[in-house]
Amino acid sequence: MPMPEPESYAFKLYTQKCSLCHRVYHPRMLNKRTWGIIVEKMEKKVQKTERRAPLTKQEKEVILGYLRKYSRERGL
Ligand code: HEC
């Protein structure tokens with residue numbers, strides 16, 4: 001499944017911030033609520049490994065907005 005809106009700022013930010021340790025996951029993989037939990041969890045990892053500064057509030061909103069817009073309705 002191709003990634004939605006590959007030209008958007010949100011997608012680019014998502015790729016930039018979230019492909020440091022693994023490939024980026026498709027937003028359809030998880031639901032809205034789970035994405036919230038995952039982003040928090042990933043932020044803790046970033047802080048622990050100190051490879052990069054944590055996301056700003058605004059960056060987090062953009063990334064979560066993107067993931068949630070294309071997330072799945074049901075299931076995890
Ligand atoms: C500091 C390295 C690092 C960064 C940066 C990072 N991740 Fe991860 N991510 C991991 C590791 C390691 C795992 C493997 C599972 C684990 O250890 O919990 C993982 C697993 C995942 C998974 C699979 C589900 C799971 O819990 O195993 C998703 C989805 C995910 N990451 C999303 C993201 C998103 C979204 C971002 C950006 C906000 C992000 N990751 C940034 C290290 C990172």
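How many nonpolar, polar and charged residues does the shell around the ligand have?

## Ligand shell

In this predicted model, the shell around the ligand has nine nonpolar residues, two polar residues and three charged residues. The ligand is surrounded by 14 residues, and the closest are Cys18, Leu20, Cys21, Met42 and Lys45.

Two elements each give two or more residues to this shell: helix H1, which spans 9–18, and helix H2, which spans 32–49. H2 supplies the largest share of the shell, with six residues.

## Nonpolar core

The largest nonpolar core has seven residues in all. Its members are Tyr14, Trp35, Val62, Ile63, Leu64, Tyr66 and Leu67. Helix H3, residues 57–69, gives the most to this core, namely five residues.

Leu67 is one of the core residues. Leaving aside residues up to four places away in sequence, Leu67 touches Pro27 and Trp35.

## Contact of H1 with H3

Two packed helices are described by the angle between their axes and the distance between the axes. For H1 and H3, the axes come within 9 Å and cross at roughly 110 degrees. Angles of 65 to 115 degrees count as roughly perpendicular, so H1 is roughly perpendicular to H3.

On the H1 side, the contact is made by Ala10, Phe11, Leu13, Tyr14 and Lys17. On the H3 side, these residues meet Glu59, Val62, Ile63, Gly65 and Tyr66. By class, the residues of this contact divide into seven nonpolar, one polar and two charged. Tyr14, Val62, Ile63 and Tyr66 take part in the contact and also belong to the largest nonpolar core.

How values were computed
Residues numbered from 1 in each chain as written. Predicted model: local features only at pLDDT ≥ 70, side-chain atom pairs only at ≥ 80, totals over all residues. Near = placed C-beta within 6 Å. Helix = DSSP H or I, 4+ residues; strand = E, 2+ residues; numbered from the N terminus. Nonpolar A, V, L, I, M, F, W, Y, C, P; charged D, E, K, R; others polar. Core = buried A, V, L, I, M, F, W, Y, C linked by C-beta atoms within 7 Å. Buried ≥ 20, exposed ≤ 12 C-beta atoms within 10 Å, placed from the backbone. Contact = placed C-beta atoms within 7 Å. Axes fitted to C-alpha atoms, helices over the stretch in contact; angles between N-to-C directions. Parallel < 35°, antiparallel > 145°, perpendicular 65-115°, else oblique.
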